Amino acid sequence: MYTGALTPDSLYYMRYYCKKLARKIRILYKRKKKTWDGYYYFALTTAQYEEYLK
């Protein structure tokens with residue numbers, strides 16, 4: 001079952017989905033009330049990691 005407006009434009013739907021997903025993640029994160037551990041986490045490719053280690 002699907003409720004809401006069906007759109008023939010797939011790019012519009014993808015942008016809409018991304019906005020909704022970002023909002024959901026933000027709300028769920030705030031509900032958990034996790035404390036900041038003082039670290040920042042980020043992703044690197046293997047080449048970027050090798051450059052970082054130099």
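**View 1. Lys20, partly exposed on a helix.** Lys20 has a relative accessible area of 39%, so it counts as partly exposed (buried is under 20%, exposed is over 50%, and partly exposed is in between, with a 1.4 Å probe and protein chains only). It sits in helix H1, which covers residues 10–32; helices here are DSSP runs of H or I with at least four residues, strands are runs of E with at least two, and both are numbered from the N terminus. This is a predicted model, where local features need pLDDT of at least 70 and side-chain atom pairs count only at pLDDT 80 or more, while totals for chains, interfaces and linings use all residues. Residues are numbered from 1 along each chain as its sequence is written, and side-chain values use heavy atoms, with hydrogens and water left out.

View 2. Patch members have over 30% relative accessible area and no salt bridge, with like charges joined within 9 Å and nonpolar side chains (Val, Leu, Ile, Met, Phe, Trp, Tyr) within 5 Å. A salt bridge means a side-chain nitrogen of Lys or Arg within 4 Å of a carboxyl oxygen of Asp or Glu.

**View 3. Leu21 and a nonpolar patch.** Leu21 also lies in helix H1, and its relative accessible area of 35% makes it partly exposed. Together with Tyr12, Tyr13, Met14, Tyr16, Tyr17 and Ile25, Leu21 makes a nonpolar surface patch of about 700 Å² (areas come from the Shrake-Rupley method with a 1.4 Å probe, and for residues only the protein chains shown count as cover).

**View 4. Lys32, Lys33 and the loop.** Lys32 lies in helix H1 and is exposed, at 61% relative accessibility. Lys33 belongs to the loop between H1 and helix H2 (46–53), and at 70% relative accessibility Lys33 is exposed too. Take a look at its backbone: phi of Lys33 is near 55 degrees, a positive value in a residue other than glycine. Most residues other than glycine have a negative phi. As for Lys32 and Thr45, they are 13 residues apart in sequence, and their C-alpha atoms are 30 Å apart in space.

**View 5. Stepping back to the chain.** The protein chain has 2 helices and 0 strands. Its radius of gyration is 18 Å, well over the 10 Å that the globule rule gives for 54 residues, so the chain is more spread out than a compact globule (C-alpha atoms are used, and the rule is 2.2 Å times the number of residues to the power 0.38). Of the 54 residues, 0% count as buried.
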